[in-house]
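Colleague: Could you walk me through the labels you put on this protein? I would like to hear what stands behind each one.

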Amino acid sequence: MPQLRTSPTRRRPRRTAGPLVALVTIVPLAACSTPAASPGVDEETVTIGTHTPLTGPAAAGYSSISAAASAYFDYLNDNGGVHGRSIEYVVKDDAYNPSTTQTVVRELVQEHEVLAVVNGLGTPTHSAVLDYLNENEVPDLFVASGSPSWDQPETYPWTFGYNADYITEGKVLAHHAQQTYDDAVYCVLGQDDDFGTDFTVGLTTVLDELASTQTYSVSNQDVTAQIGAMQAAGCTVNFLATVNGFTALALGTAAKMGYRAQWLSSSSGGDYPTLVGYLGEDVGPALLEGFVSTNYLPFSADDPWVELFQKVNDEYNDGAPFTGNTVFGMSVAYTFAEALARAGEDPTRESLVEALESGEVVGNGIVPLQFGKDSRRAFGGVGITVVEGGVQDYVGEVYTTDTADGDVVVYDGEAVPLENDGIPQS
């Protein structure tokens, strides 16, 4: 399968065992002299958890994220952990069902007594536990969704986002389309929740008009009517606020209808290797040639972060397919480790939040994180990726919308460099 070009590394078995609900084996390390009085923290271990779809309609597109995060934590634990403690990552399957999310998150908090919930996935799913986590003062870190809902420090002080927000993605993709495609007719297919709504707000902030605005539900695996409406409207440039499975479904449906258009997707549904997996090796590369998306994490095959994550994937993740989801999961795990390192030798829920509010946790993206006392927003900028010859990579500039009027402008800073082999300094 065409994907990121990387050099092969010697594989060894993962050090973890057992079911996915407890993906990380605890590696005993030197105990601290004074135990921390905080849920999820003892002398040897920090326990955190997440909710994510391991089954259900979104599983094929996202289940690899938690496995990648667990692989990084195993790598970190084998290199001393954080302040002498290993990290145990408890993964709960919510099947992308909000009612199930409520159940499993309560289990994480009440039974596992986690220090924090880290990278809960999905806008509709995580919205179902947002109030609960904040009412119980549980750090709710790095939500895997670009909804602006997570950036409300006065209302939800314990919650921090992770993805670039959907409004920013919509603005940047619309700006790119204006600069690239002449005489275009613009349309959008979006998920029927805040994901689709927010992304479309970003588009319409930049574009004068959308000829057709279509929505889909994850419970209905047929988008023939929506694609047909876009074709009938004469759409030549189509934006997608879709999860990976529905990105593939949209392109596959259009191909069966003989409908050709330019497709531009949110990063949430724009991972090339994952899309090829859905579409098939026989037709996927051809259908995805020229496909445009956004990203905000290390992406190029020769990027030092990508090279490190490929090595970790080979050694601690059984050499699983290396995709954008792999980079995403490991980047989240690294960022948590960075925050934990800054939370002190005996971390608490409060000190973990204070570490993020300090502004000193920068992550590993193409732009640094923007967390602070008045901000729960993670990445304020994105780059444009294009598939060419079976390889998805960045092209052109990195853009941000962090201006007084929210205009799309070129980011003039640097990407966050790799240091200390990706092990945060305690």
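Modeller: Below I take the labels one at a time, with the rule behind each.

Modeller: This is a predicted model, where local features need pLDDT of at least 70 and side-chain atom pairs count only at pLDDT 80 or more, while totals for chains, interfaces and linings use all residues. Residues are numbered from 1 along each chain as its sequence is written, and side-chain values use heavy atoms, with hydrogens and water left out.

Colleague: What counts as a helix or a strand here, and how many of them are there in the protein?

Modeller: Helices are DSSP runs of H or I with at least four residues, strands are runs of E with at least two, and both are numbered from the N terminus. By that rule the protein has 13 helices and 13 strands.

Colleague: Why is Tyr 96 called buried?

Modeller: Buried means under 20% relative accessible area, exposed over 50%, and partly exposed in between, with a 1.4 Å probe and protein chains only. Tyr 96 has a relative accessible area of 10%, so it is buried. Tyr 96 sits in the loop between strand E2 (86–93) and helix H2 (98–110), and has a positive phi of about 60 degrees although it is not a glycine.

Colleague: And is Asp 421 buried or exposed?

Modeller: Asp 421 has 54% relative accessibility, so it counts as exposed. Asp 421 is in the segment after E13 and, while not a glycine, has a positive phi of about 55 degrees.

Colleague: How do you know that strand E9 and strand E10 pair?

Modeller: Two strands pair if DSSP finds at least two bridges between them. Strand E9 (residues 262–265) and strand E10 (residues 292–295) have two bridges, in the parallel sense, and Leu 264 stands opposite Val 292 in E10.
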